[in-house]
Amino acid sequence: MKEIEIIVPVTVKDYSELDACERSLVDAARRATAGSYSVYSHFKVGAAILLDNGVTVTGANQENVAYPSGTCAERSACFYAGANYPDARFEMIAVAAVGTDGLEPATPTAPCGACRQALLEYEMRAGHHVPVLLVGRDSVYRLPSVASLLPLAFTEF
Ligand code: THU
């Protein structure tokens, strides 16, 4: 028997410590929360994806009275990117939120498991690591890749 340890490297930055590219993607994710349709949870999520063609695609969570029919911000953004820019590769992803109190949560908002799996597919299609920025009021968590958010992922059958 042996044990393996999986370590997830997270860089914690203040907004002021982000480079221009990261900052602009964080701003886009924050703006994207305005497109959230979240009349049930009142939790607004915005996602922004920078593509290698220079385009930034955004998405926001879209809820539905039949709950599972809704979609998270990350999947609305990555599926839009896939459908409209099928040849573009993902370069970077940012996720931001506005909580039920109308404020940005202090703790950075992280994608749900289903979104991690969906985003991973685009990282694999890109063929390189796609950094992920998780935005909070007090700090931004930078992960080096989608894969680092989803250890032991299902990737083939
Ligand atoms: N939500 C997202 O948009 N992204 C996530 O990764 C987690 C959750 C949305 C789904 C639902 O509309 C609301 O946040 C509350 O769960």
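Student: In which sense do strand β1 and strand β6 pair, and over how many bridges?

Tutor: Start with the bridges that link two strands, then read their sense. This is a predicted model. In it, β1 (residues 11-13) and β6 (residues 140-143) pair in the antiparallel sense. The pairing runs over three bridges.

Student: Which residue stands opposite Thr 11?

Tutor: Arg 142 in β6 stands opposite Thr 11.

Student: Which strand does β5 pair with, and over how many bridges?

Tutor: Strand β5, residues 132-135, pairs with β6 in the antiparallel sense. Four bridges join them. Take Leu 133: its bridge partner in β6 is Arg 142. Arg 142 also stands opposite Thr 11.

Student: How many residues lie between β5 and β6 in their hairpin?

Tutor: Four residues lie between them.

Student: Which residue in the turn has a positive phi?

Tutor: Gly 54, with a phi of about 90°.

Student: Now the ligand. Where does it sit?

Tutor: The ligand sits in the largest pocket. The residues around it include Ser 41, Phe 43, Val 45, Cys 72, Ala 73 and Glu 74. Ala 110 and Pro 111 are also among them.

Student: How do the shell residues divide by class?

Tutor: Seven are nonpolar, two polar and two charged.

Student: Which side chains have a polar atom by an oxygen atom of the ligand?

Tutor: Asn 61 and Glu 63. For Asn 61, the polar side-chain atom lies 2.9 Å from a ligand oxygen. For Glu 63, the distance from a polar side-chain atom to a ligand oxygen is 2.4 Å.

Student: How much of the ligand's exposed area does the protein bury?

Tutor: Taken alone, the ligand exposes 370 Å². The protein buries 75% of that.

How values were computed:
Residues numbered from 1 in each chain as written. Predicted model: local features only at pLDDT ≥ 70, side-chain atom pairs only at ≥ 80, totals over all residues. Heavy atoms only, no water. Near = heavy atom within 4 Å. Polar contact = N/O pair within 3.5 Å; in protein donor to acceptor, adjacent residues only side chain to side chain. Areas by Shrake-Rupley, 256 points an atom, 1.4 Å probe, with all protein chains shown as cover. 1 Å grid on protein atoms, 1.4 Å probe; cavity = no way out; pocket = protein on both sides within 12 Å on 5 of 7 lines; lining within 4 Å. Sits in = over half its atoms within 2 Å of the grid points. Nonpolar A, V, L, I, M, F, W, Y, C, P; charged D, E, K, R; others polar. Pairing = 2+ DSSP bridges.
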